[in-house]
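Student: I want to learn how to read pockets, cavities and cores from a set of atoms. Where do we start?

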Amino acid sequence: MKTDRFQAFSDGIFAILITILVLEFHIPNYQPGHLLPAILAQWPLMLSYVFSYFYVGTLWLFHHDYFNMLQRIDRNLNMLQRIDRNLNMLNLLMLFSITLIDYPMSLVADALTTGNRQDMQTAFIVYDLVALFISATFYLMYAYLHHHQALKKPGISMAFYTAIKLDPVRSVTIYALAIIATFWSVWFGVILLASGIIFHFVAYLRMSHQLEQAKGGTQ
């Protein structure tokens, strides 16, 4: 598969997922004259949607920028560089993990609406597990590209790949801690979950900055 098709397919999955997230919104049941309270009562859904949208958006930024560094032209053979089968399968696994986000988002919104502690605990743990799975698939992608130099675009230094390759491991650790913490304190677990997602965004900004610096390096 050519890199352009690889990116186009992945971008399409991200776009569909974001569309599915917003489809969770429905007009609430309300009595005439009481629309505003009914809308305000949907705050759990809005909160989980904003949270998940930010998460998916950050993952898309990571995917777009990182995999845009794949070679497009083999200068020696003067031909299009194609994605190999293993990388394509890893990408499908990663996209599968991301499409699961809609489910825990709905669980969290429903659990927050009822306010039941046990339900909130379960919902947030499911969200943590999905987030952990996503980070694990990103690590597999990073590790594969790290060991297959031919897929990398010339002009990007090895120092760049070395600096970011453990970011998915760090986020896996955060989500694992969030799962453990949630058994004792739901809200402490939520803080760790939020920290993991914020870490993704900070790591993306750092990666983007390092990429600009790495363009002047050598392989």
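Tutor: Start with a term we need for the pockets. A pocket is an open set of grid points with protein on both sides within 12 Å along at least five of seven lines, and its lining residues have an atom within 4 Å of a point. Keep in mind that this is a predicted model.

Student: Which element gives the largest share of the lining of the second largest pocket?

Tutor: That is α3, with four residues. The elements that supply two or more lining residues there are α3, α5, α6 (117-146) and α9 (186-214). The space in this pocket is about 160 Å³.

Student: Which residues line the second largest pocket?

Tutor: W43, L47, S48, F51, V108, L112, F124, Y127, W187, V190 and L193. By class, 10 are nonpolar, one is polar and none is charged.

Student: What is the volume of the largest pocket?

Tutor: About 250 Å³. Its lining consists of E24, H26, P28, A38, A41, Q42, P44, L45, S106, A109, D110 and T113. Six of these residues are nonpolar, four are polar and two are charged.

Student: Which element gives the most to that lining?

Tutor: α5 does, with four residues. Both α3 (43-67) and α5 (102-114) supply at least two.

Student: Which residues surround the largest cavity as its lining?

Tutor: The lining is L59, F62, S135, F138, Y142, D167, P168, S171, F199, H200 and A203. Two or more residues come from each of α3, α6, α8 and α9.

Student: Let's turn to α8. How does its span compare with the expected 22 Å?

Tutor: Helix α8 covers residues 167-182, which is 16 residues. From first C-alpha to last it reaches 23 Å, close to the 22 Å expected at 1.5 Å a residue.

Student: Which residues of α8 are buried?

Tutor: Think about helix geometry before the list. An α-helix has 3.6 residues a turn, so residues three or four places apart point the same way. In α8 the buried residues are D167, P168, S171, I174, Y175, A178, I179, A181 and T182. D167, P168 and S171 are also among the lining residues of the largest cavity.

Student: What about the nonpolar core? Which members touch the most others?

Tutor: In soluble globular proteins, nonpolar side chains tend to be buried together. The largest nonpolar core here has 49 residues, and Y55, Y66, I98 and I101 touch the most other members. Elements giving two or more residues to this core are α1 (3-22), α3, α4 (85-99), α5, α6, α7 (158-164), α8 and α9. α6 gives the most, with 12 residues.

Student: What does Y55 touch?

Tutor: Leaving out residues up to four places away in sequence, Y55 touches I101, Y127, A131, I134, Y175, I197 and H200.

Student: And the fold overall: how many helices and strands?

Tutor: Nine helices and two strands. Along the sequence the pattern is α-α-α-β-β-α-α-α-α-α-α. Of the 219 residues, 43% are buried. Among contacts between residues at least 6 apart in sequence, 80% join residues at least 24 apart.

Terms used
Residues numbered from 1 in each chain as written. Predicted model: local features only at pLDDT ≥ 70, side-chain atom pairs only at ≥ 80, totals over all residues. Heavy atoms only, no water. 1 Å grid on protein atoms, 1.4 Å probe; cavity = no way out; pocket = protein on both sides within 12 Å on 5 of 7 lines; lining within 4 Å. Points joined across faces, edges and corners; volume = space filled by probe spheres on them. Nonpolar A, V, L, I, M, F, W, Y, C, P; charged D, E, K, R; others polar. Expected span 1.5 Å × (residues − 1). Buried < 20%, exposed > 50% of the residue type's maximum accessible area, 1.4 Å probe, protein only. Core = buried A, V, L, I, M, F, W, Y, C linked by side-chain atoms within 4.5 Å. Contact = heavy atoms within 4.5 Å.
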